[in-house]
Amino acid sequence: MKLNKVMCTALCLCALATSVSASGSHDGMAMADDTPLVVATIGMIEDAVKNIGGDDVRVVALMGAGVDPHLYKATAGDIKKLNSADLILYNGLHLEAKMSDVLAKLAQERFVVAVAEGIAENRLPFEESEFDPHVWFDVMLWSKHAVKAVYDSLCRLVPAKKDAFTMRYNAYQNELKALDAYIRERTNSLPKSKRVLVTAHDAFNYFSRAYGFEVKGLQGVSTATEASTRDMQQLADFIAERKLPAIFIESSVPHKNVKALQAAVQARGFSVSIGGELYSDAMGDAGTPDGTYVGMLKHNIDTIVSALSK
């Protein structure tokens, strides 16, 4: 049976309203309230927003566990979230390299903050013609600048909640001070001669400077930089000569290069073990201890000390 013209018009209007409602919602779900939406690129920033913002904001991270931000490209779903956001927070310093154009365009019309780009240049390691973006590995530097930028942005976004944000910010800062002290305590349990960290890519410069480790990365600061055969051979020589007990894989970087490095060391008559998996550019799974910034760094230092002390 054919529908009359009036009924067809009514159905079309209903469908259009449903479509507009869905497109205006966050993450495809209807909004239950007017709580501001914050979109963060990486989990470390998301964690700061959760700790400072509490229930006064909602936060979504674009890149979850095991995702490499150096190579990440925004999806259609990401663009939808970004366009729905009241505040967009990203690391900067070329970490989210493939998203640079998208973020720059959004910054012209939306509230967008690069949390790590307020750090003085003399505090930033300079590698391969670019600044190292992995600031979160120096807990106090991350706390002083990036976490402070998150706090300032939330206060600007929701001025009426500044007192609540301040209370949570101070509590989170105390938690980060305790984390820094824990890393130093665990580091001090390891003889200085054993504080040599070899990883998949050169993400641990801030960690090296803050906590007194010598670090070597197979790939460069960005995972977009491929390790050459010469790099592989030189690093294998270094490991064999220093008789390092362990090298480390990373959760967000394919493991094949580190395993090839292990084989190259073996060919030199020395056996080096894979000391464990470290979190570098992404945290662990959501809902686990390693899925928090504090848990991620505790996991790393415990894994490093355990493997290198053998």
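This note goes through the sheet, the cores and the salt bridges of a predicted model.

1. **Sheet order.** The sheet is open and has four strands, in the order β2-β1-β3-β4. Pairing is parallel. The edge positions go to β2 (58–61) and β4 (112–114). Each has a single partner strand, so one side of each is left without a neighbour in the sheet. From one strand to the next, the twist averages 20°.

2. β1 (residues 37–40) and β3 (residues 87–90) run parallel and are joined by three bridges. Take V39: its bridge partner in β3 is I88.

3. **Helices on the sheet.** Helix α2 (residues 43–53) packs on the sheet and touches β1, β2 and β3. Its direction makes about 170° with that of β2. Helix α5 (residues 139–157) lies across β1, β3 and β4. Relative to β3, α5 runs at about 175°.

4. **Nonpolar cores.** The largest core has 78 residues. W142, F207, F213 and Y293 have the most contacts inside it. Helix α5 gives the most to this core, with 10 residues. Another core, of 20 residues, lies apart from it; I239, I249, L261 and A264 are among its members.

5. **Around F207 and S208.** Leaving out residues up to four places away in sequence, F207 touches F137, I183, L197, G212, F213, I301 and I304. S208 lies in helix α7 (residues 205–211). Is S208 buried or exposed? Its relative accessibility is 19%, so S208 counts as buried; the cut-off is under 20%. With the sequence exclusion of up to four places, S208 touches F213 and V215.

6. The structure holds eight salt bridges. One of them links R168 to D56, with the closest N and O atoms 2.9 Å apart. R168 lies in helix α6 (residues 162–188) and D56 in the loop between α2 and β2, so the pair ties together parts that are 112 residues apart in sequence. D56 is buried, at 16% relative accessible area. R168 is partly exposed, at 22%.

7. **Pairs within a helix.** D152 and K148 form a salt bridge, closest N and O atoms 3.0 Å apart. Both lie in α5, four residues apart, about one turn of the helix. D152 is partly exposed at 36% relative accessibility, and K148 is partly exposed at 32%. In α6, D180 and R184 are also four residues apart, so about one helical turn separates them. Their salt bridge has its closest N and O atoms 3.0 Å apart. D180 is buried, with a relative accessible area of 9%; R184 is partly exposed, with 35%.

8. **Network.** Salt bridges with shared partners join D56, K161 and R168 into one network.

Terms used
Residues are numbered from 1 along each chain as its sequence is written. This is a predicted model: local features need pLDDT of at least 70, side-chain atom pairs count only at pLDDT 80 or more; totals for chains, interfaces and linings use all residues. Side-chain values use heavy atoms; hydrogens and water are left out. Two strands pair if DSSP finds at least two bridges between them. Helices (H or I, at least four residues) and strands (E, at least two) are DSSP runs, numbered from the N terminus. Axes are lines fitted to C-alpha atoms, for helices over the stretch in contact, and angles run from 0 to 180 degrees between N-to-C directions. Contact means heavy atoms within 4.5 Å. A nonpolar core is a set of buried Ala, Val, Leu, Ile, Met, Phe, Trp, Tyr and Cys residues joined through side-chain atoms within 4.5 Å. Buried means under 20% relative accessible area, exposed over 50%, partly exposed in between (1.4 Å probe, protein chains only). A salt bridge is a side-chain nitrogen of Lys or Arg within 4 Å of a carboxyl oxygen of Asp or Glu.
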